[in-house]
Amino acid sequence: MSKLFIHNSMSRRKEAFEPLDPAHVRMYVCGPTVYDFAHIGNARPVAVFDTLYRLLKRLYPRVTYARNITDIDDKIIERALERGVHIDSITEETIAAYRADMSAIGALPPDVEPRCTRTVPQMVAMIATLVEKKHAYVAEGHVLFDVASFKDYGRLSGRSRDEQIAGSRVEVAPYKKDPGDFVLWKPSAPEQPGWESPWGRGRPGWHIECSAMAKDVLGITIDIHGGGHDLIFPHHENEIAQSVCAHDGVTFSKYWMHNGFLVVNGEKMSKSLGNFFTVRQLLAKWPGEAIRLLLLKTHYRAPLDFTDDGLREAKGELDRFYQALRHSNDVVASGVRASAVENALCDDLNTAKAIAEMHDLARQLNSDRAPDAKAALLDAGSMLGLLGSQPEAWFKGETSDGPRESEIESAITARRDAKKRRDFAEADRIRSELKEKGVVLEDVPGGGTTWKRSG
Ligand code: AMP
Ligand code: ZN
């Protein structure tokens with residue numbers, strides 16, 4: 001069996017993975033704030049840590065993977081106000097969509113999905129401990145973490161005190177002892193959601209939510225904590241400060257792992273920039289497996305440039321894998337495991353290399369229809385969360401009697417040009433013509449048009 005090595009963001013080095021308890025590995029990954037559909041950038045950590053989860057389950061007898069749901073957050077409160085609906089209807093709808101979308105890209109459900117709204121007493125208890133131990137103080141109905149009280153503050157991000165303040169969006173408020181101090185608890189107005197606490201009716205800050213949920217479901221020290229690169233500072237730095245100070249210096253997480261950003265033309269894909277595609281929009285056009293393969297083709301720590309061409313290529317690669325399997329439909333796979341693929345994944349999750357190995361296996365299978373090559377290709381697929389369909393079903397999914405993708409794309413371009421010259425009648429005509437052929441166009445914020453087949 002291969003030995004796992006992972007890059008630890010804390011030491012900034014690749015390290016041998018030595019779990020605290022080899023009989024039970026524990027991993028926590030920061031999950032979604034549930035107020036809107038997940039975009040494809042949000043799906044990257046999901047695909048990456050799902051692949052790690054699959055690998056850990058192969059290497060160790062028991063793994064507990066926790067991914068929280070942030071269902072207390074000011075963005076959720078704002079969204080509910082905008083739409084004039086109850087907060088619960090926003091969060092429940094978003095959670096259901098998230099689970100469906102992540103399952104469509106082949107992600108296994110985590111073992112536990114703690115929710116903030118169900119963990120408030122544990123958050124209050126942790127805040128009370130921090131106040132008691134003089135790592136936090138009460139000011140104007142808020143409870144703030146005193147960053148000067150934790151000597152290791154800044155170790156994960158490697159930021160100096162000045163950089164911490166410049167780089168963070170922490171509010172400068174007169175009641176703070178230090179501008180870097182962050183909120184653990186804040187008061188709620190009567191119309192805002194709130195819970196009773198020793199500091200009055202209020203709600204927790206984002207960072208304490210994760211510290212308390214991780215402890216609640218996994219214990220004081222965990223093996224791996226993950227999330228996107230943007231979470232290193234301040235979120236993970238603050239989680240460490242809270243958890244370590246609440247537990248008298250005991251390590252919070254042995255390993256920290258962070259995925260790089262998914263970018264569009266070099267810019268981070270994000271809701272605030274308006275340059276995003278939701279997983280849902282992409283699933284209307286592409287199989288979830290192609291989206292997953294695209295997310296895994298790039299090493300998780302490198303930036304991933306998202307393009308439609310990239311998706312098309314990923315789809316083509318899957319066609320090749322499934323073609324090799326179809327070609328050997330009648331071959332009974334042996335019990336051989338994909339050791340080269342496992343070795344690649346054990347090297348800090350080198351998915352790019354693992355996928356290259358899969359292409360070698362597919363070529364081999366095409367040329368000799370060997371039972372070992374078939375077994376290894378399928379085993380590799382299960383490690384990466386791919387090739388779970390029957391080849392026939394995969395190819396059937398592609399046959400549609402509607403217009404071809406290239407046809408649709410050129411109609412979209414023609415419609416955009418018509419709109420540019422303000423020929424709206426023509427633009428509308430193109431839209432209805434496609435609609436008659438079973439293709440629905442959707443204009444996305446920030447320009448651009450996506451499409452889906454209506455059935
Ligand atoms: P959020 O809902 O914004 O808190 O993000 C959920 C997860 O998605 C976090 O782990 C983020 O770091 C990650 N994430 C957000 N945007 C991107 C992106 N463009 N590329 C990769 N990961 C991202
Ligand atoms: Zn978190």
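Predicted model: local features only at pLDDT ≥ 70, side-chain atom pairs only at ≥ 80, totals over all residues.

Reader: What makes a residue a donor to the zinc ion (ligand 2)?

Author: Donors are N, O and S atoms within 2.8 Å of the metal (3.2 Å for Na, K and Ca), and since water is not among the atoms, sites may look incomplete. Here Cys30 (SG), Cys210 (SG), His235 (NE2) and Glu239 (OE) coordinate the zinc ion at 2.0 to 2.6 Å. Along the sequence these donor residues follow the spacing C-x179-C-x24-H-x3-E.

Reader: Why is the site of the zinc ion (ligand 2) called irregular?

Author: Four donors count as tetrahedral if all angles lie between 85 and 135 degrees; four count as square planar and six as octahedral if opposite donors are over 155 degrees apart and all others between 65 and 115; anything else is irregular. The angles among the four donor atoms of the zinc ion are 72 to 130 degrees, and the site is therefore irregular.

Reader: Why can cysteine 30 and cysteine 210 be said to tie parts together?

Author: Cysteine 30 sits in the loop between β3 (25-29) and α1 (40-59), and cysteine 210 belongs to helix α6 (residues 206-218), so the pair links parts that are 180 residues apart in sequence. Helices (H or I, at least four residues) and strands (E, at least two) are DSSP runs, numbered from the N terminus.

Reader: How do you know whether cysteine 30 is buried or exposed?

Author: Buried means under 20% relative accessible area, exposed over 50%, and partly exposed in between (1.4 Å probe, protein chains only). Cysteine 30 has 13% relative accessibility, so it counts as buried. Cysteine 210 is buried too, with a relative accessible area of 1%.

Reader: What makes strand β4 (residues 63-67) largely enclosed?

Author: Five of its five residues are buried, so strand β4 is largely enclosed by the rest of the structure. Val63, Tyr65 and Arg67 point one way, and Thr64 and Ala66 the other. For helix α9 (residues 288-297), nine of the 10 residues are buried, so the helix is also largely enclosed.

Reader: How do you know that β5 and β6 pair?

Author: Two strands pair if DSSP finds at least two bridges between them. Strand β5 (residues 136-139) and β6 have four bridges, in the antiparallel sense, with histidine 142 in β6 as the bridge partner of alanine 139. Three bridges join β6 to strand β7 (residues 182-187), also antiparallel, whereas β3 and β4 are parallel, with five bridges.

Reader: What makes histidine 135 and serine 149 a polar contact?

Author: A polar contact is a pair of N or O atoms within 3.5 Å; within protein, one must be able to donate a hydrogen and the other to accept it, and residues adjacent in sequence count only if both atoms are side-chain atoms. The side chains of histidine 135 and serine 149 meet at 2.7 Å, so the pair qualifies.

Reader: What sets the peptide bond from phenylalanine 233 to proline 234 apart?

Author: That peptide bond is cis, with omega near 0 degrees, and proline 234 is found in helix α7. As a general rule, most peptide bonds are trans.

How values were computed:
Residues numbered from 1 in each chain as written. Chains lettered and ligands numbered in written order. Heavy atoms only, no water.
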